[in-house]
Amino acid sequence: VSRAISVRHYCKKTTRKLRISEALLGSELGANVKVQGWVRSVRPQKTNLFFHVNDGSCLQSLQIVAGSDLDELLTFGSAVEVTGILKKSPHQKQPVELEAEQIHIIGECNPVDFPFKIKERHSLEYIRQFPHLRCRTNAFSSLLRIRSEATTAIHSYFKKNGFVQIHTPIITSNDCEGAGELFQVEPSGPDYDENENFFSVPAFLSVSGQLHLEVMSGAFSGVYTFGPTFRAENSQSRRHLAEFYMVEAEVSFTQSIEDLTKVMEDMFRSSTEHVLAHCAEDVNLFHKHVTPGHRVSLKDNNLTWAVDILNRSSQEFAFPTDWGCDLQTEHEKYLVKHCGNIPVFVTDYPYDLKPFYARDNQDSPEHTAAAVDLLVPGVGELCGGSLREERLDLLRARAGLEDTYSWYLDLRRFGSVPHGGFGLGFERYLQCILGVDNIKDVIPFPRFSHSCLL
Ligand code: 4AD
């Protein structure tokens, strides 16, 4: 045992494997280290060859200094392993460089066929054509690091605030939103008899985990879920996907929309501050719409206020702006601009436009539901939420519930409490904080109508 320990100790001392982000910290100067990654630039000079290696751990690449006799295999995009001594770099931009002692080319990359060219700045539209290769670009790898950090930020917001995470099912028999944009799930394969119904009821990919969260809100005062959501929207728009990630929360013992908007605002602000603080370098590659200084508007904006603003505007809208019509993207974007390009809440939508679960504002002259949307710069609707109808008689009055949602009515029979919740489209959130125009550029593998690549 002691021999094994001493050998390991010896190896550790002689060559430490480092991620590039660790190497760049500069705390290992003089150490013999090994890094692995992909070549991002090659600059031959008279006596030396300089090249940069990136391993996805950060935006910056590590400069490697090597002898000039390297063969032609060291090209942009090739995978390498380099062992050498970490030294202080004479260049200001680059605090550390690696003086190579051994270079091993692990995977060659033919520069002629590789779709990305050295020193060229490719647009997000261009790199989108290569979903299997686009993570090799700086822009997309930054995006994926930001996405990962934003996921952590959202989970930690809920953890800090005492919410319990629930894994809501992906396969479900309910159509929460009632919009009919469902993907039906059927098994296939040689062992499956086409006439047999696997689940004995029609089953679909989930359009929202809300109803399952509502089940849990009968036992937990705060729950949330963060997972994939599916909508068969026949849309190629810049803000719709067939598979997207939704953050959904349900808050029990709440009777006011303000309680919900507070959670939405806090989550938005705390996640955004976290991302801006932890991914500053990556975020700087993008044009951001929202900075930590920006406050979410907390004005009590109801739909009547919104319709009034739209009707008084000189802008011509393609869709009607009458009370009772749904707000369209063009309206949402206008309202955000009108409020000074800050996130803004709009509450109290027509009751008839909202799904069965939305709470009836019975005393409202226009018959509204206690629903709220959060509209944000660059995107429009980011979150949709509502108080849920907890009164059994009012729920019953909504057609069809007795047959299909008897279990949902049960929730109101046994220890029911006033509650409400919301869903935030995670990709739209990223679009908003980074100013990315197309939703397909903020998800690793976009799925939309007529496109399911890879
Ligand atoms: O407004 P939605 O449909 O609300 C619900 O599904 C509620 N059941 C959520 C809840 O209260 N728990 O969707 C919520 C958000 C939207 O505001 C939007 O940001 C995003 O999900 N979203 C989409 N994002 C990308 N592609 C799509 N096709 C989307 N549909 C909705």
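A residue counts as near a molecule if its C-beta atom, placed from the backbone, lies within 6 Å of it. Keep that in mind for the first stop. What you have open is a predicted model: local features need pLDDT of at least 70, side-chain atom pairs count only at pLDDT 80 or more, and totals for chains, interfaces and linings use all residues. Numbering starts from 1 along each chain as its sequence is written.

**Stop 1: the ligand.** Select the 22 residues around the ligand; S208, Q210, G384, G423 and G425 come nearest. Now colour β11 (243–252), β15 (380–387), β16 (419–425) and α13 (426–434), the elements that each give two or more residues to this shell. Helices (H or I, at least four residues) and strands (E, at least two) are DSSP runs, numbered from the N terminus. The top contributor is β15, with five residues.

**Stop 2: the nonpolar core.** Next, pick I146, I154, M264, L375, L382, L424 and L430, which touch the most other members of the 70-residue largest core. Such a core is a set of buried Ala, Val, Leu, Ile, Met, Phe, Trp, Tyr and Cys residues joined through C-beta atoms within 7 Å, where buried means 20 or more other C-beta atoms within 10 Å, exposed 12 or fewer, and partly exposed in between. Helix α4 (residues 138–160) supplies the largest share of this core, eight residues. Apart from that core lies another, of 22 residues, including V39, V80, L86 and L98.

**Stop 3: E81.** Jump to strand β5 (residues 79–88) and click E81.
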